[in-house]
Amino acid sequence: MTKRLVFVFIALPLLFSRCSVNNQLSQAKTLGDCRYTLASADSIYLAGIDVREFRRMEDLNLARFPRLAAGLLTRNVPLDARVNLDITNPTGKLAGINQLEYKVLLTGQELFNGFLNQRIEVQPGGKTRVPIRLSTNAYQLITDAKTRDAFTQLVQNMSGAANTQPSKLTIKIKPTLALGNKAINYPGYITIDQEVTNKILLGN
């Protein structure tokens, strides 16, 4: 085998790997230029109770919901939801990523976090809806004086309660790039500030 052939066999995988990373980086950067909207939410449960049961302040009475009372006693109040995130690509380039890390914050306190291990792709000028399953222990948010009122307001908005003020959420997304068997995090987070209103269950 000539030296030239050896060089080709060594160089080609490196070249393809570099092209792959460059494509991923370009698509991830375009993802940062996209617009994000929390379109709707459903299957929302607090301590196993459908949040639509909490449409009025008096509905939060622990005497009515023994599972919620038990969760507070054991410091384990699960909050589960499925949200639909709309991603709109206003550019002329393809936006995409294979995996991303996300965080959802309420009044600066982390509400949800996790990884989405699936291909997300938004065509130039197009829009994609991404369903995300969220799960957390809401005990700290309920019991901390700094977050209690904001969390109660969020639950009421998610329940579709009338006469509520919008809740302000911050969504942080960090795409992950694949380099062979290694995962490289995109520098910094894509940050989305989102108002959640009482119409979220209807997707309005």
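You are looking at a predicted model, in which local features need pLDDT of at least 70 and side-chain atom pairs count only at pLDDT 80 or more, while totals for chains, interfaces and linings use all residues. Residues are numbered from 1 along each chain as its sequence is written, and side-chain values use heavy atoms, with hydrogens and water left out.

**Helix α4.** Now select residues 148-159, which make up α4. Helices here are DSSP runs of H or I with at least four residues, strands are runs of E with at least two, and both are numbered from the N terminus. The expected span is 1.5 Å times one less than the number of residues; for the 12 residues of α4 that gives 16 Å, and the end C-alpha atoms are 16 Å apart, which agrees. Colour by accessibility next: 9 of the 12 residues in α4 are buried (under 20% relative accessible area with a 1.4 Å probe, protein chains only; exposed is over 50%, partly exposed in between). Among them are Phe151, Leu154 and Val155.

**Ser159.** Stay in α4 and zoom in on Ser159, which counts as buried because its relative accessibility is 0%. The side chain of Ser159 reaches the backbone nitrogen of Ala161 at 3.4 Å. Beyond its neighbours within four places in sequence, Ser159 is in contact (heavy atoms within 4.5 Å) with Val51, Arg52, Phe54, Arg55 and Leu201.

**The core.** Which residues touch the most other members of the largest nonpolar core? Select Tyr36, Leu46, Leu111 and Phe151, out of 52 residues. Such a core is a set of buried Ala, Val, Leu, Ile, Met, Phe, Trp, Tyr and Cys residues joined through side-chain atoms within 4.5 Å. Around Tyr36, leaving aside neighbours within four places in sequence, show its contacts, including Leu31, Leu85, Ile87 and Ile190.

**The sheet.** Finally, show the open sheet of 4 strands, ordered β2-β1-β3-β8 with antiparallel pairing; strands pair if DSSP finds at least two bridges between them. β2 (49-50) and β8 (127-137) stand at the edges with a single partner strand each, so one side of each has no neighbour in the sheet. Follow β1 (residues 35-46) to β2 through 2 bridges, where Leu46 has Ile49 as its partner. In the hairpin between these strands, Ala47 takes a positive phi near 55 degrees. Then step from β1 to β3 (residues 78-88), joined by 9 bridges; there Leu38 is partnered with Leu85.

Notes:
Polar contact = N/O pair within 3.5 Å; in protein donor to acceptor, adjacent residues only side chain to side chain.
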